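Hello,

Here is the structure we discussed handing over. My notes on it follow below.

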Amino acid sequence: MKTTIEALRKDARRRLRRESISAAAICIVLVTGGALTATDNLPAISGTTTTSAFLLGAVMGLCTVAAVVTIKTIVSLRHALTDDQTLRRLYAKENDEFQAHMEREIARTFIQIMPALAIIAIFVGATRKR
């Protein structure tokens, strides 16, 4: 099936719109978390704000990584929309079977280590100074 450049542009615009909304939501979470931290208004979990601060730090770290990836995607989509050749290269890169296989393997590995990371996070969050 041959894909026309107009179909590629339409798909890229749709993805750009979706990624922009995602970036805005991530930025709202980051700004809200920063404001809660800066004003010392974190809700206390288990009676102390230590656990809350740890969890907020973890969430803000994950959101920062997500923001970087999302912004990188937005930049590549905007760049691809300016040039047909770049748009075709982006489409070919995204539909590469080997790259998709590697991404699935990385995701599978990450999912396998998540329980261990969660246990470590629970123990780190549970320890508090007395």
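First, a definition for the residue classes: Ala, Val, Leu, Ile, Met, Phe, Trp, Tyr, Cys and Pro count as nonpolar, Asp, Glu, Lys and Arg as charged, and the others, Gly among them, as polar. This is a predicted model, where local features need pLDDT of at least 70, side-chain atom pairs count only at pLDDT 80 or more, and totals for chains, interfaces and linings use all residues. Residues are numbered from 1 along each chain as its sequence is written, and side-chain values use heavy atoms, with hydrogens and water left out.

Pockets

The largest pocket has a volume of about 330 Å³. A pocket here is an open set of points on a 1 Å grid over the protein atoms alone, where a 1.4 Å probe fits, with protein on both sides within 12 Å along at least five of seven lines; lining residues have an atom within 4 Å of a point. Volume is the space filled by probe spheres set on the points, which are joined across faces, edges and corners. The lining has 13 residues, and K72, T73, K93, E94 and Q99 are the closest to the centre. By class, the lining holds 4 nonpolar, 3 polar and 6 charged residues. Helices α2, α3 and α4 each give two or more residues. The largest share, 5 residues, is from α2. Helices are DSSP runs (H or I, at least four residues), numbered from the N terminus.

The second largest pocket has a volume of about 230 Å³. Its lining is 10 nonpolar, no polar and no charged. Among the residues there are F54, L62, F110 and M114. Both α2 and α4 supply at least two residues.

Helix packing

The axes of α2 (residues 49-82) and α3 come within 5 Å and cross at roughly 135°. Axes are lines fitted to C-alpha atoms over the stretch in contact, with angles from 0 to 180 degrees between N-to-C directions. The two helices are therefore oblique to each other; angles under 35 degrees count as roughly parallel, over 145 as roughly antiparallel, 65 to 115 as roughly perpendicular and the rest as oblique. On the α2 side, the contact (heavy atoms within 4.5 Å) includes S76 and L77.

Two residues

T86 sits in α3 (residues 84-94). T86 is buried, at 14% relative accessible area. A116, in α4 (residues 97-126), is partly exposed at 43%. Buried means under 20%, exposed over 50%, partly exposed in between (1.4 Å probe, protein chains only).

Regards
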